[in-house]
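Thanks for passing this one along. Here are my notes, as numbered points, to read with the model open.

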Amino acid sequence: MSKITVFCPATIANVSCGFDVLGLALDSVGDLMTVRKSTEKGIRITKIVGQELPLETEKNVAGIAGNALLEQSGYQGGFEIEIDKRIKPGSGIGSSAASSAGAVWAMNELLDRPFSKLELVQFAMQGENLASGTAHADNVAPAIFGGFTLVRSYNPLDIVPLPTPSELVATVIHPQIEIKTSDSRKILKTTISLKKGIEQWGNVGGLIAGLFKSDYELIGRSLEDHIVEPIRSILIPLFGNVKFNALEAGALGCGISGSGPSIFALSKGMETAERVAQSMKETYTGIGIPFDVHVSRINTEGIKQIG
Ligand code: HSE
C-alpha cells in the first residue's frame with residue numbers, strides 16, 4: 001500500500017471532571033486526510049482545503065507529529081499529506097488532534113504498523129505541543145484508540161481505553177468564536193484546594209464507574225467540574241443558559257468541550273440528544289453569533305481507513 005485516506009474524528013477532551021485526562025471520540029464530525037509514501041525524505045503537506053493553515057511542515061501539527069514518527073521509524077523515504085480540514089481550529093473539538101493523530105495513524109498503516117497505539121499517541125502529542133504549548137493527550141488518545149480514554153499518567157504515558165455504554169449520544173454546539181487552547185490554559189489557576197480535589201476525583205471515579213456499569217444516572221451525576229469550568233465558562237457567551245436548557249431537555253450532563261468555545265452534552269438515546277440539540281439552537285438563535293450543532297454517537301473505533 002502506498003496511499004491511504006483516513007477519517008480523523010473530532011474529540012471532546014476533559015469531559016467535565018477529567019481536565020487533561022479524559023476524552024472521547026465523535027462519529028459524525030471529523031477531517032479527511034490522504035497520505036502517500038514518497039521516495040523523497042521528510043514530510044510535505046501538499047494541500048489543505050477547508051481552512052487556512054500553514055503548509056510548512058514545521059508550522060503544521062500534522063508535519064510535526066509526522067516528523068516525530070519518521071525520526072523513530074528508520075524509513076528512508078517520506079510522506080505527502082493532503083488535508084480536508086472540516087474541524088475548525090480553535091473550536092474545542094480537537095481540530096489539531098485530528099490532524100496530528102490522523103497523520104501518524106496513516107503513516108503507521110503505510111509502514112505496516114511498526115508502532116503501537118500508545119507510541120502513536122506520543123508522536124501525535126508533539127503536534128498538540130505545537131498547537132497549544134502543552135503536549136496534552138486527552139484529544140489524541142481517543143482519536144487513536146476510539147471511545148472514551150483515560151490518561152492514567154503522563155510520565156510514563158499510560159492510556160486506559162474505557163467502555164462506551166451503547167446508548168450514549170453526544171450533542172455539541174460550536175459557537176463560531178475562536179478560543180485558543182493556549183489562551184484558555186493561561187487563565188487557569190495552577191493550584192486547587194483539597195476540597196475541590198476531593199470533589200473532582202470523586203467525579204472522575206464516578207464517571208469511569210458509570211461507563212463500566214452503563215449506569216447513565218451515575219454518568220450524569222459525575223459530569224461536574226468545579227475547577228476549570230467556572231473559570232473558562234466566562235469566555236463562552238450564554239454558557240450557563242445552554243447548560244441549564246440542555247439539562248432541562250433531558251441531558252445527563254453538560255460542560256465545556258476541551259478548552260471551548262464548544263459546549264457538549266451527553267444524553268441517553270438519540271431522541272434526547274436531538275431534543276438537547278434543539279434546546280442549544282434555541283438558546284443561541286438571535287444573539288448574533290453563528291453556530292453549528294452536531295449530534296453524534298460515540299466513535300468506538302477512532303481513526304479509520306476510508307480509502
Ligand atoms: N485538556 C485540554 C485543555 C484540551 O482543556 O486545555 C484542549 O482541547
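1. Glutamate 199 is partly exposed, at 28% relative accessibility (buried is under 20% relative accessible area, exposed over 50%, partly exposed in between, with a 1.4 Å probe and protein chains only). This is a predicted model, where local features need pLDDT of at least 70 and side-chain atom pairs count only at pLDDT 80 or more, while totals for chains, interfaces and linings use all residues. Residues are numbered from 1 along each chain as its sequence is written, and side-chain values use heavy atoms, leaving out hydrogens and water.

2. The partner of glutamate 199 is lysine 195, in a salt bridge of 3.7 Å, N to O (a side-chain nitrogen of Lys or Arg within 4 Å of a carboxyl oxygen of Asp or Glu). Both sit in helix α6 (residues 194-213), four residues apart, about one turn of the helix (helices are DSSP runs of H or I, at least four residues, numbered from the N terminus). Lysine 195 is exposed, at 57%.

3. Glutamate 301 and lysine 304 also pair, at 3.6 Å, N to O. Both are partly exposed: glutamate 301 at 48%, lysine 304 at 22%. Asp27 joins these two in a network of salt bridges. The whole structure has 14 salt bridges.

4. Now for the core. Val121 and Leu266 touch the most other members of the largest nonpolar core, which has 69 residues (buried Ala, Val, Leu, Ile, Met, Phe, Trp, Tyr and Cys residues joined through side-chain atoms within 4.5 Å). Helix α2 (residues 95-110) gives the most, nine residues.

Terms used: Helices (H or I, at least four residues) and strands (E, at least two) are DSSP runs, numbered from the N terminus.
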